[in-house]
Amino acid sequence: MDLSFTSDEIAFRDEARRFFRTEIPEAIRARAAAGEHLAREDIVTCQRLLNARGWAVPHWPREWGGRDWTPVQVYLYQDEMQRACVPPPLPFNTSMVGPVIAEFGSEAQKQHFLPKIANLDIWFCQGFSEPGAGSDLASLRTSARREGDHYIVDGQKTWTTLAQYADWIFCLVRTDPAAKKQEGISFLLIDMKTPGITVRPIVTIDGGREVNEVFFDNVRVPVENLVGAENRGWDYAKFLLGNERVGIARIGTSKERIARIKRLAAMEQDGERPILEDRRFREKLALLEVELKALEITQLRVVANERGRARGKPDPASSILKIKGSEIQQATTELLMQVVGPYALPYQSEPEAGSNEPPLGPEFAASAAPTYFNWRKISIYGGSNEIQRGIIAKAILGL
Amino acid sequence: MDFDLTEEQRLLRESVERLMTDRYDFEQRRAHARAPAGWSGEIWAQYAEMGLLGLPFAEAEGGFGGGPVELMIVMEAFGRGLILEPYLASVVLAGGLLRHAASAEQRAALLPALIAGERRLAFAHAERQARYHLADVATTARREGGRWRIDGEKSLVLHGDSAQQVIVSARIAGGRRDRDGIGLFLVDADAPGVRRRGYPTQDGLRAAEIGLDGVEATALGEPGAALPAIERVVDEAIAALCAEAVGAMAALHALTLDYLKTRKQFGRAIGEFQVLQHRAVDMFVELEQARSMAMFAALMAGEADADARHRAMAAAKVQIGRSGRKLGQEAIQLHGGIGMTMEYKAGHYFKRLTMIELLFGDTDTHLAALAEAGGLLV
């Protein structure tokens, strides 16, 4: 038993650290660290830099740009990326639709889409959830009816993250209304410019526009945009969601945020002394560090177990990473808001370019409350924490 | 980085687990507890035969040459078995002091009998006023001719009632909480001037209050600067207790799952109710987080940098204390009435976990110390 990394792993970590901190623009990383919303261009820029280095899709099959990294290397890459506040490659492209096309798509789909997905020449969004199909995803109702060489898609998707930036959407649609609910679903790729698609923003409680509703009204989709076999979409969706667990605990992000909280709490004064010297505050922070250390080791244990697991078949123990990882990330946003204190109150929309208006309160104050509000989402998305508990109860505890 | 055990470590685990299965089920444990000492001499001899009493000592000194990972493996199995014997007191605590503070000659004189199971030692350190403050020693040692004499009152000496010899901490100089001026002294338990009052602890183990009135003693190592060795041994004991707690938590969780699957109410197994499933999952998350920190403690227990080691042990003790409390309380609740009875094993795990939280610094004490030291991430 040994928690230390080999010299090769340390060399790899140092290489990743150097790359993320020198090659990815400082300005973008600073905006990400401050909790500001990133522009489409920021995300595209970072992913293209990563792709040029061969690091946008390391977990893909080798022929499509994968690196055959060990689980430890994948862990170090993600950890260093998170600690450097580098926006990760767009998950809808690289963790979701990319691996599905690489595994189940036609040769023509692979040739056409995979390089563009890796380089973010095509931006995909995810069309899974519907108003009536959240945790119970298989009850989705958006339909695709075959008509000659086309499917005719009708229905509505929701919670579609960054659909306003997307070129394409990958959708789960019902192709056999008569079949048992999991068995009549197909996986379709749809060009967002197709007539009949309407995107409507949903403003979230932080005031941001991250998610949208997407309406499909008589949308004609060429049959060659079906991935894999008709009515097998549920299998592909399960494969996709299995890949989503990798790195979900975001230990590196929480470490970076705790370091930031310490820096700011050492600066902000409460009377004669910095907030960091308040005993109750320090104990809350210390407790969070304990839980984070425990989770980091739990994650390493899951990583060590990954040797020999089939791709797309996650260790059910990774549900622990989702539950605790989201709780810890949320707790960091609470502590950050506590440091900001009363200056978390003003609602400040993000300054427009060239604005001379000074911020209200300390310059790091504006994003504190919105980030706290926004991060309530992380225990909801990607399979809510209650769904994760269900997975553990069934798959590990046998209940 | 790996979490695999070596072949030797696997064999060690299997043999200790087998012993627990064969000789330490709940009924057998009750029989062991009825022995006059409150634990089983026969099992103790078995530990000696298996080499467990020599586990942390160097092979050149007749030991097994095991490190903190081996100790973790043994303590986790002991936690499942909920053992009553003075392993922590004699091997981990007193044995640790022999390793870190005694001279080679003293070890040569004491270790063979300890490893063979013929002699048991205890560590008399805590005092009524000290709570968890390791430097708080009021007991004194004075030189008289060529001998040392000890005066003072020692509290909560784990398994102090059945030890043949006791290692006593005493002050040769300085004020009550000074870091300097503390020495370690070896005292025969039946020496003139020793008063012992043994008693059971809440978890069914044993302890003693020990009074010393001018008791003749031998110094272990050079008296005056013993605190770092004491702190080191307490850190090792914390790592060992974390592993024991994980064993107890794992067994208690398994017991609870069995109960959820077999107990029927409203015409079905109560484990089919989602509200109970999710609580069982939260217990599991606590168990796994605690297991991670017990591993961290084992891997840091040999760390030479005392500050880094203290932080790690404080962090581990905080996690174990919180997890053990939550898991223990939930286990009793999910069992319902049967969890409240002496006749059922769950409550005994709960009690041991509760006492582990109180030993060598409770959760709040360690959290405060960790916060004061600036946290874990530096």
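Colleague: Leu55(B), buried or exposed?

Modeller: This is a predicted model. In it Leu55(B) is buried, because 24 other C-beta atoms lie within 10 Å and 20 or more count as buried.

Colleague: Where is Leu55(B) found?

Modeller: In the loop between α3 (41–49) and α4 (68–81) of chain B.

Colleague: And what is Leu55(B) in contact with, leaving aside neighbours within four places in sequence?

Modeller: Gly63(B), Phe64(B), Gly66(B), Glu70(B), Leu71(B), Val74(B) and Val91(B) are in contact with Leu55(B). Ile115(B) is 60 residues apart from Leu55(B) along the chain, and their C-alpha atoms are separated by 8.5 Å.

Colleague: Switching to chain A. Why does Leu49(A) count as partly exposed?

Modeller: Leu49(A) has 18 other C-beta atoms within 10 Å, and partly exposed applies because buried needs 20 or more and exposed 12 or fewer. Leu49(A) sits in helix α3 (residues 40–52) of chain A.

Colleague: Which residues does Leu49(A) touch, not counting those up to four places away in sequence?

Modeller: Glu23(A) and Ile24(A). As for Pro25(A), 24 residues apart from Leu49(A) along the chain, the C-alpha separation is 9.7 Å.

Colleague: How is chain A divided into domains?

Modeller: Domain 1 covers 7–89, domain 2 covers 124–231 and domain 3 covers 245–395. Between domain 1 and domain 2 of chain A, the C-alpha centres lie 30 Å apart.

Colleague: On to the interface. How many residues of chain A are in contact with chain B?

Modeller: 34 residues of chain A, in contact with 32 residues of chain B. On the chain A side, α8 (251–267), α9 (279–306), α10 (318–340) and α12 (385–395) each supply at least two residues.

Colleague: Which element gives the largest share of that side?

Modeller: α9(A), with 16 residues. By class, the side of chain A that touches chain B has 22 nonpolar, 2 polar and 10 charged residues.

Colleague: Last topic, the largest nonpolar core. Which of its residues touch the most other members?

Modeller: Leu97(B), Phe185(B), Cys242(B), Ala294(B), Ala297(B) and Ala316(B), out of 231 residues in that core. Helix α7 (residues 227–262) of chain B provides the largest share of this core, 20 residues.

Colleague: Take Cys242(B). What is Cys242(B) in contact with, leaving aside neighbours within four places in sequence?

Modeller: Met293(B), Ala294(B), Ala297(B), Ala316(B), Lys317(B) and Ile320(B). As background, nonpolar side chains tend to be buried together in soluble globular proteins.

How values were computed: Residues numbered from 1 in each chain as written. Chains lettered and ligands numbered in written order. Predicted model: local features only at pLDDT ≥ 70, side-chain atom pairs only at ≥ 80, totals over all residues. Contact = placed C-beta atoms within 7 Å. Helix = DSSP H or I, 4+ residues; strand = E, 2+ residues; numbered from the N terminus. Nonpolar A, V, L, I, M, F, W, Y, C, P; charged D, E, K, R; others polar. Core = buried A, V, L, I, M, F, W, Y, C linked by C-beta atoms within 7 Å. Domains from an automatic or database assignment.
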